[in-house]
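Subject: Structure handover

Hello,

Here is the structure we spoke about. Please open it first, then read the notes below.

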Amino acid sequence: MPFIPHTETDIQAMLATIGAPDIEALFDEIPPALRCGELEKIPQGMSEMEVGRLMNARARQDGQPLCFIGAGAYDHHIPAAVWQLASRGEFYTAYTPYQAEASQGTLQLLYEFQSMMTALTVMDVSNTSLYDGASALAEAVLMAVRANRKSKSKRILIPRSLHPAYRRVVHSIVRNQGIELVELPFDMESGQTDSLVLEQYAGEDFAALVIPQCNFFGVLESVDELTDWAHANRMLAIAVANPVALAVLQAPGEWGEQGADICCGEGQPLGAPLASGGPYFGFLTCAQKLVRQMPGRIIGRTLDLDGKTGYTLTLQAREQHIRRSKATSNICTNQGLMVTAATIHMSLLGAEGLERVAAACHANTSKLVKVLSALPGVGPVFKGAVFHERVLRLPLETKDALRSLAAHNVLGGFDLSADYPELGNAVLVCATEMRSDEDIEQYRSKLERVINARIQTPCKLKPDW
Amino acid sequence: MLIFEKSRTGRRATAQAPLQLADMEGIPAQFRRRQSAAMPEVSEMQVVRHYTQLSQKNFSIDTHFYPLGSCTMKYNPRASNTLASLPGFLARHPLAPETHSQGFMGCMYELQEMLKAATGMFAVSLSPAAGAQGEFAGVAMIRAYHDARGDDVRNEILAPDAAHGTNPASAVMCGYKVREIPTGANGDIDVEALKGVLGPQTAGIMLTNPSTVGVFERRIKEIAGLVHEAGGLLYYDGANLNAILGKVRPGDMGFDVIHMNLHKTFSTPHGGGGPGAGPVGVSERLEPYLPVPMVAQDGEDYVWLTEDNRSESIGRLSAFAGNAGVLLRAYIYARMLGRDGMHRVAEFSTLNANYLLKRLTDAGFDAAYPERRASHEFILTLKRQARELGVNTMDFAKRLLDFGVHAPTTYFPLLVPECLLIEPTETEAQDELDRFVDIMTTILQEAQNDPEKVKSAPHGLPVRRLDDVRAARDLDLAWKKDR
């Protein structure tokens, strides 16, 4: 019996204490007609060795291709110490620190996390995480609608250049509360949010403007102007930021005259492996005046009976287990372990380490773009400056190009044609600090081969692979 | 001491970042950061020592008995972590093409199928990231179902007064009003009160079974009939699925939609507060609305189902495919248990709970529902001790910490005064349960002979009781350099 320690003697003694003839008798309050029989569709159990064999085969099956996809999940070096420490049973198998005296390790770590995130974003306060970047933005939108005292509006301005999956997630989560997302187009030349279009909305009633830095195309937005414009029009400014980029980019708390009001984003670049998309974590920081509208757990520093420093869950009156239907959010379990990893990760890298990682990603992507742009028909789509991703135009259908590259075990980027048909044959590429010059050359030579094959056999509908 | 306070200007963990600062001339000055972030500057060994020492200030399943009711703190098998962390799984980009994802997708498809079989539901989506997100998805599907039928007067979700706080909070996030149903003196829902509030405005009801008071809702079939007759749907909060795995299935009880907390029943780690995973299962009529993405089988291949081929879906709840790594851990656990292991989960968690309940009541504690069988958990009420000895539930909870036992859930559900919700789980041995009874007996004696000792507990932990009022009044939420 996997993981069950009972001996036959234990079982008999325990049943005798209870006064039940057998274990089955303990289920006598369940109406017999409801009982299920054997779970026939569930396979028989396996030993650790057998399941190990199965999982090793499955993991190998996916081949570990050379990856140039970013699009919201980035392949960074994770120091060996990060997961060795985060996997310690004392972190891995604890739960939400309800009993503060027995959870000071997790609580202090979370307080340190809050401190690091406020330092990185230059905002006043941070919570201890939400599920991921996209759902964190949804919570930020709900928070803005609650918090904006100058506007009763339930409309939000969201740029089309924001990650398409984020726009979908926000819509799924906020639509049932009657919140409407109004899409802002981008400038086809620069890739930035179109400031002329923005002016059309001046004076209209919106709760908030969402400002991604950088946007989905990797392009840097004019965040000072956007933030000031939002405030001039009585909107809150919600920043969506990549935490590694923040090591080198202007902090949201310093955008424009007053800074952004809320900042959120995907925490994955801080120590979480790609791992098929999760678990990651969403972060959320905000101005002091909004702290009581924040969703999720918040840790405070306080004193114990002897005047000794300690850490505890605080402002719990915002939360579902106290306020029930009047809570700021339904969130309960968050992404604690990922935050544990991120805190250790940030401690190891420090501001300078993160800056070096960010600079290396920027330089590598610039190199990749330069090398690929030497191929016929390949070149950047937008003129705007980028951080570590860029949109490239291809001389053949993106889907076909990526499929052929994948057959050579190269994942050549994110296909933009479904979400942005207006961009034509476009691909979003990313080379983090993990990609070497040889990797970049590998991509170039494979893409060259794919393009040449296409030029030589232009009528062929499907590539050879 | 905070990691920030161990910092020295210029100190670094040099091995962990690129050796040189690369050129950033492509980023114009107007976009650049003005001042480096105030992060700690420490060596690698300092980091390792600091966080190792912090970890030692935690109670955890690996180090302590952790009978936290409603949270199912059972042993988390090491194999689940090791195998889900194989390089091939960690390296897979969430947007990798299906050609390079068949191994991972196979695991996800089979997990969907096993969860369907274990719960008796028609279809399952794995995407919700936690129980509360599963609840949100479930209620959003209820709403999508009514909306699709043009039935837009249903604006009310019912939930027992003992429900988890997430239930009403999730219903409100879906735009519903919430009405509470009283729990009867025997722990079952007050069916007469339910009849009184069902009507054309009822969108659905959210129930946990066994309920949050730790007993099986015996009239569930009748309740399902009444709610369905009124045109409402039934939502199953899977927090207590551990109690009935392989014994009775939510689908057979008449539920239309459920969520499962894989970090409880399927033994993935709680991680100091997550990540969890909250897959949802539905009956046939709600199948079109399941959140995306899902995995389907197409001949020999596994394929993703997304917004593109599931137009009526309530949509996407996270950027990618939910907490995939947690799902892998649950899959590995499920494969190790197999079909026989699953019903043993219910059997031994129930055996442990009933044994512990009997021994504690024999030792002089009061059960909140003495006439009832315990499920996988049960409630003690310390009302008598609080009145007679002036020692309340929180005092007992804090004193337990001194004996190296994590406290059970306290003061939940709210309707039982001075309550402790105790869930031992199936992975604890009889001797550990006996030790817990001994400790509780000792604390009871202390409460009688030396109540101050209990009221001022804990005494042997890194800190004594903390000033929560001060924490909320003089907010100190982040370390600042100039403090």
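Two residues count as in contact if their C-beta atoms, placed from the backbone, lie within 7 Å. With that cut-off, take the contacts in chain A between residues at least 6 apart in sequence: 74% of them join residues at least 24 apart. Please keep in mind that this is a predicted model.

Chain A overall

The mean pLDDT of chain A is 95. A pLDDT of 70 or more is reached by 98% of its residues. One stretch to treat with care is residues 459-465 of chain A, where the pLDDT is below 50. Beyond near neighbours in sequence, that stretch has 8 contacts in the model.

Chain A has 465 residues, and 61% of them are buried. Its secondary structure comes to 13 helices and 15 strands. Along the principal axes, the C-alpha atoms of chain A fill a box of roughly 80 × 60 × 50 Å.

A sheet in chain A

Look next at an open sheet of 4 strands in chain A. The order is β11-β12-β15-β14, and the pairing is antiparallel. Which strands stand at the edges? They are β11 (379-380) and β14 (414-415) of chain A. Each has a single partner strand, so one side of each is left without a neighbour in the sheet. For β11(A), pairing with β12 (residues 389-393) of chain A runs over 2 bridges, in the antiparallel sense. There, A:Gly379 has A:Arg393 in β12(A) as its bridge partner.

The core

The largest nonpolar core has 323 residues. Residues of both chains are among those with the most contacts inside it: A:Val141, A:Ala144, A:Ala208, A:Ile238, A:Ile262, B:Met141 and B:Tyr235. Helix α11 (residues 324-362) of chain B gives the largest share of this core, 21 residues. In soluble globular proteins, nonpolar side chains tend to be buried together.

What does A:Ile262 touch, leaving out residues up to four places away in sequence? The list is A:Ala140, A:Met143, A:Ala144, A:Leu236, A:Ile238, A:Cys286 and A:Leu290. Two of these, A:Ala144 and A:Ile238, are also named above for their contacts in the core.

Where the chains meet

How many residues of chain B are in contact with chain A? There are 171, and they meet 162 residues of chain A. On the chain B side, α11(B) gives the most, with 21 residues. That side divides into 89 nonpolar, 46 polar and 36 charged residues.

Domains of chain B

The domain assignment gives chain B two entries: domain 1 (79-337) and domain 2 (343-468). Their C-alpha centres lie 30 Å apart. The contact between them takes 18 residues from domain 1 of chain B and 20 residues from domain 2 of chain B. On the domain 1 side, the residues divide into 8 nonpolar, 8 polar and 2 charged.

One covered helix

Last stop: helix α13 (residues 393-402) of chain B. Is this helix mostly covered or mostly open? It is mostly covered, with 8 of its 10 residues buried. The buried residues are B:Thr393, B:Asp395, B:Phe396, B:Ala397, B:Lys398, B:Arg399, B:Leu400 and B:Leu401. Among the elements that cover them are β12 (409-410), β13 (419-422), α14 (430-449) and α15 (451-455) of chain B. After α13(B) comes B:Gly404, with a positive phi near 75 degrees.

Best wishes

Note on methods:
Residues are numbered from 1 along each chain as its sequence is written. Chains are lettered from A and ligands numbered from 1 in the order in which they are written. A residue is buried if 20 or more other C-beta atoms lie within 10 Å of its own, exposed if 12 or fewer, and partly exposed in between; C-beta atoms are placed from the backbone. A nonpolar core is a set of buried Ala, Val, Leu, Ile, Met, Phe, Trp, Tyr and Cys residues joined through C-beta atoms within 7 Å. pLDDT is the predictor's confidence in each residue, from 0 to 100. Ala, Val, Leu, Ile, Met, Phe, Trp, Tyr, Cys and Pro count as nonpolar, Asp, Glu, Lys and Arg as charged, and the others, Gly among them, as polar. Domain bounds come from an automatic or database domain assignment. Two strands pair if DSSP finds at least two bridges between them.
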